[in-house]
Amino acid sequence: MAHVAEWKKEEVKELKGIIGEYDVIGIVDLMNIPAKQLQEMRKSLKDKAVIRMSKKNLIDLAFEDCNAEKTNIVDLSGHMDGQVALIATEMNPFKLYKILEDSKTSAPAKPGTIAPDDIIVPEGDTGFEPGPFLGELQQVGIPAKIDKGKICVQKETVVVAAGEEVSKQVAATLSRMDINPMEVGIDLKAVYEEGFVYTSDLLAIDEEQTLADVQNAFKNAFNLSVNAAIPTDDTISTIITLAYTRAVNVGVEGAILTSETSEPIIGLAQAKMLAIASAVAGSEGALDDELADKISNVAVAAAPAEEEEVVEEEAEEEAEEEEEDGAVGLGLLF
């Protein structure tokens, strides 16, 4: 049987202790994080999470030994890429992911680094006086010229496409232009909680979209509750108001006299009576003097409103004609 170094046994024991102590265990990649920045990140996570760097095989052993108590935690072993470390916390996985993402900062592109996204040099003034830097820009494929005494980039240019390696010359040029296209931070690969492993793509949530979805779901649920007459604390007042309105409408349409419906029923009957009277007003003797006066008063009252509608229609037509004339005038300019 092969001899196992004592320090490895002790390391696995400590890893198991961390895994057993916390409910949420994650795998993070610390690749390309400067030591100083890593120390600052550790301080920012103090009292929130514990980060423990170790060898992948020792972390694997710790997972295997803890799998009986934390079912499926061995599934984290499939996400150990890069410079691996263990992270342990009591925060829920989504909050942990957000904190780590928010802690990331921009950094210069180093020679040999693979660009995760297109590295773009924007169009415009570089701030440099005419000199050798113009040639440096042109050598890395950035179109530049002298404009008003300054070196200017003529158009936005992709100097390194996503997935390509950053050359030494491009890295130096970007650094001189103070362009920091890389993002440095703790990269959370996967998190274990209560038997489930969540990968980073599941943890990346658009908060604004999620809030909009929740609000839309509430609105749909509210409407369903009201239309199905399912009373809740939020919908009971709306359901009662809607029922009252519908009951009054039924009473009016059915000519059922109550203290609530008598006035609208009488008003509706009078309106129908006046409509019939107006229809037969041309027949001699069809209307008595009182009813004839009411018809004439209604006609006089309605005249200004009709006149206003005609004026509004004419104004709208004139506005449309002016808009069309303006469009033709603009068209003649091109």
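Let's start at Thr113. A polar atom of the Thr113 side chain lies 2.9 Å from the backbone oxygen of Lys110. That is a polar contact, meaning a pair of N or O atoms within 3.5 Å; within protein, one must be able to donate a hydrogen and the other to accept it, and residues adjacent in sequence count only if both atoms are side-chain atoms.

A word on the source. This is a predicted model, where local features need pLDDT of at least 70 and side-chain atom pairs count only at pLDDT 80 or more, while totals for chains, interfaces and linings use all residues. Residues are numbered from 1 along each chain as its sequence is written, and side-chain values use heavy atoms, with hydrogens and water left out.

Back to Thr113. Where does Thr113 sit? In the loop between β4 (105-107) and β5 (119-121). Strands here are DSSP runs of E, at least two residues, and helices are runs of H or I, at least four, numbered from the N terminus. Is Thr113 buried or exposed? Thr113 has 18% relative accessibility, so it counts as buried. Buried means under 20% relative accessible area, exposed over 50%, and partly exposed in between, with a 1.4 Å probe and protein chains only. Leaving aside neighbours within four places in sequence, Thr113 is in contact with Glu164, Glu165, Val166 and Met182. Contact means heavy atoms within 4.5 Å.

Now the whole protein. It has 11 helices and 12 strands. Of its 334 residues, 27% count as buried. Take contacts between residues at least 6 apart in sequence: 71% of them join residues at least 24 apart.

Next, the sheet. 5 strands form an open sheet, in the order β2-β3-β1-β11-β12, with antiparallel pairing. Which strands stand at the edges? β2 (49-53) and β12 (196-199) do; each has a single partner strand, so one side of each is left without a neighbour in the sheet. From one strand to the next, the twist averages 20°. Two strands pair if DSSP finds at least two bridges between them.

Go through the pairs. β2 and β3 are antiparallel, over 5 bridges. Here Ala49 has Thr89 in β3 as its bridge partner. β1 and β3 also run antiparallel, joined by 6 bridges. Val24 has Thr89 in β3 as its bridge partner. Then β11 (residues 187-193) pairs with β12 over 4 bridges, in the antiparallel sense. Tyr192 stands opposite Val197 in β12.

Stay with β3. 6 of its 6 residues are buried, so β3 is largely enclosed by the rest of the structure. Val84, Leu86 and Ala88 point one way; Ala85, Ile87 and Thr89 point the other.

Helix α1 (residues 6-21) lies across β1 (24-29), β2 and β3 (84-89), at about 160° to β2. Helix α4 (residues 93-102) lies across β1, β3, β11 and β12, at about 165° to β11. Angles run from 0 to 180 degrees between N-to-C directions, with axes as lines fitted to C-alpha atoms, for helices over the stretch in contact.

Last, helix α10 (residues 262-280). Its 19 residues reach 27 Å from first C-alpha to last, close to the 27 Å expected at 1.5 Å a residue. The expected span is 1.5 Å times one less than the number of residues. Ile265, Leu274 and Ala277 are buried in α10. They cover an arc of only 170° around the axis, which puts them on the same side of α10. That arc is taken from the directions from the helix axis to the C-beta atoms. The face turned away from the buried side carries the exposed residues Lys272, Ile276 and Ala279.
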